[in-house]
Amino acid sequence: MKVLANEELMKVNGGGIGLQIAAGIAAVGIFLIGVLDGFLRPLACNK
């Protein structure tokens with residue numbers, strides 16, 4: 001395995017989850033929970 005210098009480490013990208021991706025995953029989860037809640041308890045939507 002090669003040991004990288006500080007200059008080479010500055011050029012390395014990726015490996016982590018971005019804030020936009022995490023927010024998108026959370027938004028999809030919240031949307032799906034809302035859809036399931038509407039099907040399981042339709043009285044709140046019919047008023």
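**View 1. The salt bridge between E8 and K2****.** E8 is partly exposed, with a relative accessible area of 31%, where buried means under 20% relative accessible area, exposed means over 50%, and partly exposed lies in between (1.4 Å probe, protein chains only). The side chain of E8 meets that of K2 in a salt bridge, with 3.5 Å from N to O; the term stands for a side-chain nitrogen of Lys or Arg within 4 Å of a carboxyl oxygen of Asp or Glu. K2, at 60% relative accessibility, counts as exposed. This is a predicted model, in which local features need pLDDT of at least 70 and side-chain atom pairs count only at pLDDT 80 or more, while totals for chains, interfaces and linings use all residues. Residues are numbered from 1 along each chain as its sequence is written, and side-chain values use heavy atoms, with hydrogens and water left out.

**View 2. The salt bridge between D37 and R41****.** A search of the whole structure finds two salt bridges, and one of them joins D37 to R41, whose closest N and O atoms are 2.8 Å apart. D37 is partly exposed at 33% relative accessible area, whereas R41 counts as exposed at 55%.

**View 3. A nonpolar surface patch that includes L32****.** V28, F31, L32, V35, L36, F39 and L40 make a nonpolar surface patch of about 770 Å². Patches are made of residues with over 30% relative accessible area and no salt bridge, like charges being joined within 9 Å and nonpolar side chains (Val, Leu, Ile, Met, Phe, Trp, Tyr) within 5 Å. Accessible areas come from the Shrake-Rupley method with a 1.4 Å probe, and for residues only the protein chains shown count as cover. L32 lies in helix 2 (residues 19-40), and this residue is partly exposed, with a relative accessible area of 47%.

**View 4. Helix 3 and the confidence of the model****.** The protein chain has three helices and zero strands; helices (H or I, at least four residues) and strands (E, at least two) are DSSP runs, numbered from the N terminus. Confidence is lowest in helix 3 (residues 43-46), at a mean pLDDT of 65, and highest in helix 2, at 93, pLDDT being the predictor's confidence in each residue, from 0 to 100. Where pLDDT is low, the predicted coordinates should not be read in detail.
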